Every structure is written in C-alpha cells, then in structure tokens.
Amino acid sequence: SDRMRTYTLQREQHVPRALERIFPFFERPENLALITPPELGFRLLTPSPVSMEQGRVIDYTIRLFGVPVRWRSLISTYDPPHCFVDEQLQGPYSFWHHTHRFLKRGSGTLLRDEVRFALPLYLPPPLEALVRQGGIEPMLNRIFDYRRQLFRYFFESTHQHVAASRHSATEEA
C-alpha cells in the first residue's frame with residue numbers, strides 16, 4: 001500500500017580473497033544455512049542441488065522470534081560474479097529486496113549488502129519504530145555480524161594478511 005514505509009540496511013565487509021574465489025560460495029543456496037545464526041533454524045526446502053540463475057525460486061523456513069516461518073525467494077537479478085538480488089515472494093515481510101554485490105578491491109573483495117524491507121503489518125509510526133528498532137533491525141544486524149565473524153574465519157588467514165599487507169604496501173610505494 002502507499003502507506004507502506006520501506007527501510008534500508010546497508011553493510012559492507014572486505015575479505016582478502018579474490019572475487020572469483022568468493023562468488024561460488026554465495027551462489028550455492030545450500031551455504032545459506034552455514035552463514036545464518038543457528039537460532040534462526042534455517043532449513044532449505046528446495047531439493048539440492050539448487051542451481052542459481054535468474055528466475056530461480058527458492059523455498060526455506062526460518063524461525064523468527066522462535067516461530068517457524070515459510071519463506072519463498074526469487075532470484076530476480078543474477079549477474080555473476082558481481083551481483084545477485086533475492087526478493088521475497090512469500091514470507092514474513094510486506095516487502096524484502098536484498099542486493100548482494102561483490103566488488104574487486106586490490107587482491108580482495110568487498111561484499112556489499114543492501115536490504116530494503118517493509119514491516120509485515122501496518123502499525124502507527126511510534127509502534128512501527130519500536131518494532132523496527134527493538135526487534136527487526138537488531139535481528140538483521142545480528143545476521144550480518146554473525147556472517148562477518150564467519151567470513152573472517154573462512155576467508156582470512158595469517159598468510160593472506162601478510163600477502164595482502166605486502167601487496168598494499170607496494171601499491172602505495
């Protein structure tokens with residue numbers, strides 16, 4: 001409806017791995033379970049393997065505040081290895097549009113997420129602010145914080161830090 005207010009959450013993370021190495025991890029929806037906090041109980045319902053492509057529909061369930069919720073996603077844009085967009089067709093939000101961008105940065109990759117969303121019900125503005133700031137946004141930030149820690153673990157190592165710092169030093173010289 002025209003009363004629907006949409007909000008935007010943006011997050012960025014640099015990982016010291018080449019774009020070509022990083023993107024394949026993200027184009028496997030099966031890996032979503034690995035990078036979602038366990039309390040969200042992510043379960044892929046679409047039979048594996050799920051090939052990523054434009055127009056692909058993916059079904060899964062997650063637990064939102066303890067309640068299992070069906071979520072149906074559409075991959076509306078697929079431009080490997082630079083970008084893909086998932087949009088909610090059916091699920092907990094009135095509107096959900098998540099753009100995943102992958103940008104070459106030196107020998108590494110910048111992961112850039114932009115989530116645009118609207119809350120499931122029409123609430124008076126003060127109540128909506130409360131639900132968004134007290135519930136939804138902390139949960140979304142928790143997901144991205146969890147991913148940040150995992151990617152540090154998956155994609156970074158002392159060896160690569162040394163290589164990355166030596167690389168940037170020669171670039172500056």
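Analyst: Helices (H or I, at least four residues) and strands (E, at least two) are DSSP runs, numbered from the N terminus. The model is predicted, so local features need pLDDT of at least 70 and side-chain atom pairs pLDDT 80 or more, while totals for chains, interfaces and linings use all residues. Residues count from 1 along each chain as its sequence is written, and side-chain values use heavy atoms, without hydrogens or water.

Now walk through part of it. β4 meets β5 (residues 83-90) through seven antiparallel bridges. Here Arg-72 stands opposite Gln-90 in β5. Next, β5 and β6 share five bridges, again antiparallel. Val-85 has Thr-99 in β6 as its bridge partner. A hairpin of four residues links β5 to β6.

Move on to β6 and β7. They pair antiparallel over 11 bridges. Leu-103 faces Leu-110 in β7. Their hairpin has two residues between the strands, and Gly-106 there takes a positive phi near 65 degrees.

What packs with these strands? The largest nonpolar core holds 38 residues. Such a core is a set of buried Ala, Val, Leu, Ile, Met, Phe, Trp, Tyr and Cys residues joined through side-chain atoms within 4.5 Å. (Buried means under 20% relative accessible area, exposed over 50%, partly exposed in between, with a 1.4 Å probe and protein chains only.) Strands β1 (6-15), β3 (57-64), β4 (67-79), β6 (95-105) and β7 (108-118) each supply at least two core residues. So do the helices α1 (19-26) and α2 (125-155). α2 gives the most, with nine.

Some members touch the most others, among them Tyr-93, Phe-102, Phe-117 and Leu-140. Take Tyr-93. Setting aside neighbours within four places in sequence, Tyr-93 is in contact (heavy atoms within 4.5 Å) with Trp-71, Gln-88, Phe-117, Ala-118, Pro-120, Ile-136, Met-139 and Leu-140.

Finish on α2, which also holds Tyr-153. Is Tyr-153 buried or exposed? Tyr-153 counts as exposed because its relative accessibility is 67%.

Terms used: Pairing = 2+ DSSP bridges.
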